[in-house]
Amino acid sequence: MAVHELSRTDARRIAVRAQLLDHRRPANLFDLVRRITLLQIDQTAAIAPNADLVAWSRLGSSYSPKELTKSLADRTLLELQGMVRPSEDLALYRAEMAAWPGTGELLDWQEYRRDWVQANEACRLDILDRLDSDGPLTVRDLPDTCAKPWKSSGWTNNRNVSQLLEFMVQRGEVAVAGRSGRDRLWDLAERVYPDDPVVPLEESTKIRNERRLRALGIARLRGPECPVEPLDVEEAGEPAVIEGVRGNWRVDPALLGQPFKPRLALLSPLDRLIHDRKRMVDLFEFDYQLEMYKPAAKRRWGFYALPILYGDRLVGKLDATADRDTGVLRINAIHRDVEFTTAMTDELHHEIQHLAHWLGLAPGWSGTEMP
């Protein structure tokens, strides 16, 4: 098989088209999620929750967050390990669930998780019994009868029930059945997941790699291990090299040579176009970090700055905050990585107006008008 030789511009345009961020717009929310495979759930709402912001950036202001709520309620979409996916895709994960914590020789961390769950078998059974009789329930409604506490250097330390639930999701035993405010409602997986035939593990892994590549357009053959959603695609697609970029890449051949009609888009900090920060740097040569966990004095771009995509380039960051108490989308700063043309400035102005309108807010500039 011939190796495709791509410039950085080629690679960027493939990535942008794959993520539906060129001039085309998907028809609806379901078509969007089916194409890009997932929406990551994050409740931070400095502007809007990530899943809604990602949907808006593709669908435009016709999108309503109520559509996502309805799709999760009628289960055309499902929440799995913090990701919204089409319910039809669950069949691709059931074999992996059955093989938890993994196949072949287990790594140390996999053995630790297996042993911890086994040590708390009584609590696992208590949770299943309680959900069977009274579910769906929040984590606060479930008993903590763990014999061995969960130890972590992070925020999950001693959060025994929530951690056990996460592993039970990975085992295919429980599922998120909905939400009560910000709290997840847990139930038995058999009441939530469709009863579709299980796709064998080797086949399902291949299909998931192919769908991931279709969603990303271009990705590494091999990459660092990433929980929940890998960054690489193994042997999916066709081999490619990118001028000036190291590594072995795979490209979706269906996206090669397609016309590219650009537009300006404001991206969530967790958008899949930039979620793999190394890929972002390799392809877009863009300097960016999500800074909400940094002290205010150490932030360069703002608490929840939105990357600005213009055509196939990431050209800056928009520091904005949705002040719902005053009804204003506050524009704190626009950080330009390149010199903006008049057309770029006008398009950014219009996109900010669209964002404010979608949020039901009025744009409020740090000065008298957009600089």
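What volume does the largest cavity have? I looked that up before anything else, keeping in mind that this is a predicted model. The largest cavity comes out at about 130 Å³.

**Cavities**

I then checked how many there are: the count gives three cavities of 30 Å³ or more. I sorted the lining of the largest cavity by class and got six nonpolar, three polar and five charged residues. Which helix gives the largest share of that lining? Helix α10 (residues 201–216) does, with three residues.

**Helix α7**

Next I turned to α7, which runs over residues 121–134 and has 14 residues. I checked its span: from first C-alpha to last, α7 reaches 20 Å, close to the 20 Å expected at 1.5 Å a residue.

Then I went through burial, taking under 20% relative accessible area as buried and over 50% as exposed. C123, R124, I127, L128 and L131 of α7 are buried. Why do they sit on the same side of α7? Because they cover an arc of only 140° around the axis. On the other side of α7 I found D129 and S133, both exposed.

Last, I asked what the buried residues of α7 pack against.

Terms used:
Residues numbered from 1 in each chain as written. Predicted model: local features only at pLDDT ≥ 70, side-chain atom pairs only at ≥ 80, totals over all residues. Heavy atoms only, no water. Helix = DSSP H or I, 4+ residues; strand = E, 2+ residues; numbered from the N terminus. Expected span 1.5 Å × (residues − 1). Buried < 20%, exposed > 50% of the residue type's maximum accessible area, 1.4 Å probe, protein only. Arc of directions from axis to C-beta. Contact = heavy atoms within 4.5 Å. 1 Å grid on protein atoms, 1.4 Å probe; cavity = no way out; pocket = protein on both sides within 12 Å on 5 of 7 lines; lining within 4 Å. Points joined across faces, edges and corners; volume = space filled by probe spheres on them. Nonpolar A, V, L, I, M, F, W, Y, C, P; charged D, E, K, R; others polar.
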